[in-house]
Amino acid sequence: MTVTKPLLTAFLLAATIALAPAWATTQAPPAKKTTADHAKFKELQRNFASGPEVTKACLSCHTEAADQVQHTKHWTWEYTDAKSGKKLGKRAIINNYCTTTISNEKDCMACHAGYGWKDSNFDFTVKENVDCLVCHDSTGTYRKLPGDAGHPVYERKEFPKGSGKFVDPVDLQKVAQKVAMPSRANCGACHFFGAGGDGTKHGDLDSALKTPSKALDVHMDATGLNFSCVKCHQTSGHEVAGSRYAMAAAVTGHARVRGAQDDQPASCPSCHGDKPHHENALLMERLNAHTDKLACQTCHIPEYARDGIGTEKSWDWSTATKMGPEGKPVLIKDSAGRRAFDSKKGNFAWDSYLVPEYRWFNGQVSYITVGDKIDPSGIVEINHPEGKVNDPASRIWPFKIHRGKQAYDAENNILAVTHTAGEDETALWANFDWQKAITAGMKTAGLSYSGKYGFVSTEMSWPITHMVAPKDAALQCAQCHGAESRLAGIDGIYLPAVHGSRLIDLLGWLAVAAALVGVLIHGFTRFCFFCNKNKTPENPQ
Amino acid sequence: MLKVIAGVVAGIAATLALVWSMAGSLAFNEQESPYTVEETVARIQHNIQDTGNGWSLMGLRNPIKPLQAAGDDALPAMMIEACSNKYSGPILKDDNVRFLSILMPCKISIYKKSNGKVYIGTMNAGLIGSLFGTTVGDIMKNVVADQQKFLVMDPNKPAPAIILPKTGGEGGSGGGSAGGC
């Protein structure tokens, strides 16, 4: 008894020490202390009339920053695919939402990390046009609106026009004095609101990730790990790692020190390795055996858009320009209050808590770019995730597949570049005339236009990688190995409990029958043996 | 004789076991909806309002909210509460069956499952009513007939807006309308 008490005390003490870090993680991490208070810098103690003026002040200390930014995709909106040599990026591709930036720069550049890109004459070498504040504002007051070619709000203005809602001008001095490392809100200002609305584009990125719960994202959990975007998308010289244009779909090996030993820091195995499960021996072996076929995201993001914001599932441009009963443009919302129809843009379908679709994916995505030929007789894949079974670089990944219809040149069989944004005579959203808008857009893009347009069904794939759920919410075995298997459409693999093989089934049943026959023969033999044993000379029966 | 008694007992036991195993599925109905959770809710709400017979919306609850408040989450589920004063009155005035007020208001649950599909869950009012005599049974027959109208979805009609409770709010008591029980 005398020994038990100290042992118990020691055990409790050891357990307390061992569990302390786990308890600590439930507390919000303390704010990082900075070594510089930008409010004390003389360069920033004045009124700024424009964004470029602020940048000029920033560059007086951060001499290399603009040059660094000007070599990134956030500035060039251009990317050359190393494998195909094809020019990609927002300047080259057509997406399934607002379609293209060409001829619509004044609106689209609200999300450019720069000032003044309003047409194809934009000078990409002017350092003062780099927008430092959009990524480094910590006040949450810095706003750039469509129509201003990337400039912040300088004068109080009504937005959206005719809404009766007004946006106040940005206090540039205040924002400049409060710069900080990018937070989720900074990145999210564009990436949560891509395609013109909260959650519209990606499906796994929306404003709920500003302060998410653990249930929404275990890594960004605001009261837990509280990862910022750049925790995974590690940045060096303003180059942000982890672009969707250059993904690694199958990172293998042990866990690494991100940023130091790994040029693909934005992956699960970077921290967790490729044998991440540590449950009981049998389960661990089974689960880890899946990692050579499945991306972590496949099981650990059971649904995407897991919040009330939701995401857009489809955008049908073919109904755009249809007017309401009084011949005026109308805006109709769905039952949840999300956009369902807009005379400017057509029909939309939204939902939340969506089950992903699954594809083999090796990190390479083939894109249709401006001017590429299409086959309008079928569904046009705006982008196609490459990958196949038995490719060591491929894994089964979850995707959001966004479907829609968009305009194309019905004789040249190319997707149309449509001049949508703006208030000029040819802009679709001003004059509701497809012919004029396509003619203007194609001319700006330098493409010939036959004068005949139609609408073609399209789809675009978005790999899902954010909104990682807690492990107890991961997919269960039966969700893939069951009657309603999520992976039923995946080719090249044998899924127990899903794929029937008559030969294997036959062999199995033959084995069962053979075992049964063996048991019967054995039993019959024993029975006969027993009967013979009981025969005596007195009782020969 | 013993064999006969044993056979009867075994038969009764088997029947009880069968009833026990099926009781859950008999007491409740589940059907798939072609619409999102929100649109299904909205369409049913409007159907309830259009049905007449004293029906009115009593509330709209989101049973997932308490989970979310505790940092947890689950797939969407919403519960429409509706009541008809025409049908509730006789039950509430009869001491013998007043305890059935525990089933009021009528609830229709709309939820998403992990297969991505949306379902509508309803109580089998007809079966339950038949257990409590003629008065309740007859009332419940009418409730069943109206309940079927609630679930008729006309794809030609545009998606209506969800009707949010005017007072009380989600998770609280009703107050969405002046009628009902």
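1. A195(A) in this predicted model has 16 C-beta neighbours inside 10 Å, and therefore counts as partly exposed. A residue needs 20 or more such neighbours to be buried, and 12 or fewer to be exposed. A195(A) sits in the loop between α8 and α9 (229-232) of chain A. Its phi is positive, about 70 degrees, although A195(A) is not a glycine.

2. A149(A) is another alanine to check. Its phi is near 55 degrees, a positive value in a residue other than glycine. These angles deserve a note because most residues other than glycine have a negative phi. A149(A) lies in the loop between α6 (133-136) and β3 of chain A. Is A149(A) buried or exposed? A149(A) counts as buried because it has 20 C-beta neighbours inside 10 Å.

3. Peptide bonds come next. Most peptide bonds are trans. In chain A, the bond from F159(A) to P160(A) is cis, with omega near -10 degrees. P160(A) belongs to the loop between β3 (157-158) and β4 (166-167) of chain A. In chain B, the bond from M104(B) to P105(B) is cis, and its omega is near -5 degrees. P105(B) is placed in the loop between α4 (85-93) and β4 (106-112) of chain B.

4. K178(A) is a lysine in the loop between α7 (172-177) and α8 (184-191) of chain A. K178(A) counts as buried because 20 C-beta neighbours lie inside 10 Å. Which residues does K178(A) contact, leaving aside its neighbours within four places in sequence? They are H38(A), S138(A) and T139(A).

5. On the layout of chain A, the division is into domain 1, made of 40-250 + 295-480, and domain 2, made of 501-529. Taken over C-alpha atoms, the centres of domain 1 of chain A and domain 2 of chain A are separated by 63 Å.

6. Chain B has 6 helices and 5 strands. In what pattern do they follow one another along the sequence of chain B? The pattern reads α-β-α-β-α-β-α-β-β-α-α. Along the principal axes, the C-alpha atoms of chain B fill a box of roughly 70 × 40 × 40 Å. Chain B has 181 residues, of which 30% count as buried. Among contacts in chain B between residues at least 6 apart in sequence, 69% join residues at least 24 apart.

7. One helix pair in chain B can be followed in detail. Helix α2 (residues 37-51) and helix α6 (residues 133-150) of chain B have axes 8 Å apart and pack at an angle of about 135 degrees. That angle makes α2(B) oblique to α6(B), because angles over 145 degrees would count as roughly antiparallel and 65 to 115 as roughly perpendicular. The crossing of α2(B) and α6(B) is right-handed. On the α2(B) side, the residues that meet α6(B) are I44(B), N47(B), I48(B) and T51(B). On the α6(B) side they are D146(B), K149(B) and F150(B). By class, this contact has 3 nonpolar, 2 polar and 2 charged residues.

8. The last point is how the chains meet. In the model, 17 residues of chain A are in contact with 19 residues of chain B. The side of chain A that touches chain B has 8 nonpolar, 4 polar and 5 charged residues.

Definitions and conventions. Residues numbered from 1 in each chain as written. Chains lettered and ligands numbered in written order. Predicted model: local features only at pLDDT ≥ 70, side-chain atom pairs only at ≥ 80, totals over all residues. Contact = placed C-beta atoms within 7 Å. Nonpolar A, V, L, I, M, F, W, Y, C, P; charged D, E, K, R; others polar. Domains from an automatic or database assignment. Axes fitted to C-alpha atoms, helices over the stretch in contact; angles between N-to-C directions. Helix = DSSP H or I, 4+ residues; strand = E, 2+ residues; numbered from the N terminus. Parallel < 35°, antiparallel > 145°, perpendicular 65-115°, else oblique. Left-handed = near helix turned anticlockwise from the far one by under 90°.
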